[in-house]
Amino acid sequence: MTDEVLFDLDGKRVFVAGHRGMVGSAIARRLASENASILTVDRSELDLVQQASVEKWMTSNRPDVVILAAAKVGGILANTNYPAQFLYENLMIESNIIHAAHQVGVKKLAFLGSTCIYPKLADQPIKEDYLLTGPLEPTNEWYAIAKIAGIKLCQAYRKQYGSDFISAQPTNLYGPGDNYDLKASHVLPALLRKAHNAKLSDAKEMIVWGSGKPLREFLHVDDLADAVIHLTKRYSADDPINVGSGQEIRIADLATLICQIVGFDGELIFDKSKPDGTPRKLADTTRLREIGWRNARSLEEGVISTYKNALENNLLT
Ligand code: GDP
């Protein structure tokens with residue numbers, strides 16, 4: 001694999017599906033520095049779960065490129081509580097957009113999956129080839145199954161119709177536009193919010209879910225957006241491709257880092273009645289590096305800027 005440009009974004013009409021979400025908004029920000037026009041549509045005007053509406057919109061707007069960042073997403077608790085929505089909505093969104101993209105002759109489509117598609121007990125770091133080699137992590141299998149179907153759709157349209165549809169699998173993301181609702185959020189925004197409020201209320205302690213032992217890799221969403229544009233231009237193949245930072249941290253150490261950044265020095269209490277999820281999830285990013293991309297921010301820099309952004313937008317109280 002090389003870092004040669006295979007697809008030129010110049011002058012292209014790029015539909016960012018899911019532009020209000022954390023990933024879609026980061027991609028729209030990143031695209032602003034390309035010579036391309038960005039197409040977006042609000043949920044009130046187009047419900048991506050409805051096939052006929054998606055086909056009608058795609059036929060009238062005729063994008064050249066689609067970046068598929070729309071999804072029903074959430075943390076470990078939301079996945080456990082809303083299995084039907086996680087499976088159904090994600091399957092519908094992907095099928096509708098990918099099929100309509102084929103119908104209107106989209107030249108390039110990039111589908112965003114997740115590293116939770118890989119088996120729960122996959123060897124680490126996780127190579128793309130480990131897909132479908134073992135059972136999934138039960139706390140997010142509904143989402144994972146839908147995302148695997150999305151990858152397979154891209155592969156199937158490529159195989160049957162020669163469509164240049166690719167799929168990228170980002171590791172755990174954080175950054176501007178994240179969800180800070182403690183019942184639905186992922187760990188990093190949740191701990192930022194908890195630490196901030198613990199500091200404000202002069203609390204003695206702060207609750208961290210699970211044992212604190214699982215290892216996770218985190219990537220700032222602006223780094224992901226840069227990787228997706230890089231891949232849109234330079235990657236054209238069947239296989240999914242991992243997008244990660246290569247940096248791994250224990251949840252307990254993440255909590256300590258966040259408390260230091262926020263300025264909370266109370267005790268961490270681990271609530272073992274809450275699930276740990278998969279023990280470790282580190283993406284092998286050899287393929288991505290071969291195509292010439294690596295991430296710009298360290299975790300610490302990313303958390304500092306994310307905290308600032310959350311404070312400015314009043315997301316923490
Ligand atoms: P996952 O990566 O799909 O497991 O999703 P999460 O980001 O929701 O959880 C990652 C890890 O952080 C799990 O081991 C959680 O138990 C742990 N964790 C610790 N505190 C929290 C919290 O307040 N919220 C969430 N969502 N996870 C937490």
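Buried means under 20% relative accessible area, exposed over 50%, and partly exposed in between, with a 1.4 Å probe and protein chains only. The model is predicted: local features need pLDDT of at least 70, side-chain atom pairs count only at pLDDT 80 or more, and totals for chains, interfaces and linings use all residues. Residues are numbered from 1 along each chain as its sequence is written, and side-chain values use heavy atoms, with hydrogens and water left out.

**View 1. The whole protein chain.** Buried residues make up 53% of the 317 residues. The chain has ten helices and twelve strands; these are DSSP runs (helices H or I, at least four residues; strands E, at least two), numbered from the N terminus. The radius of gyration, taken over C-alpha atoms, is 19 Å. Along its principal axes, the C-alpha trace spans about 60 × 40 × 40 Å.

**View 2. Contacts within the chain.** Contact means heavy atoms within 4.5 Å. Take the contacts between residues at least 6 apart in sequence: 82% of them join residues at least 24 apart.

**View 3. Helix α1, residues 22–31.** This helix is mostly covered, with nine of its ten residues buried. Among them are M22, V23, G24, R30 and L31. The buried residues of α1 pack against several strands, including β1 (13–17), β2 (37–39), β3 (65–68) and β6 (172–174). They also pack against β4 and helix α7 (221–234).

**View 4. The loop between β4 and α5.** P125 lies in this loop, between β4 (108–112) and α5 (141–161). The peptide bond from Q124 to P125 is cis, with omega near -15°. L132 is found in the loop between β4 and α5 as well. L132 is not a glycine, yet its phi is positive, about 60°. At 55% relative accessibility, L132 counts as exposed. Most residues other than glycine have a negative phi, and most peptide bonds are trans.

**View 5. The loop between α6 and β7.** D202 sits in the loop between α6 (187–200) and β7 (205–209). D202 has a positive phi of about 55°, although it is not a glycine. With 64% relative accessibility, D202 counts as exposed.

How values were computed:
The radius of gyration is taken over C-alpha atoms; the globule rule is 2.2 Å times the number of residues to the power 0.38.
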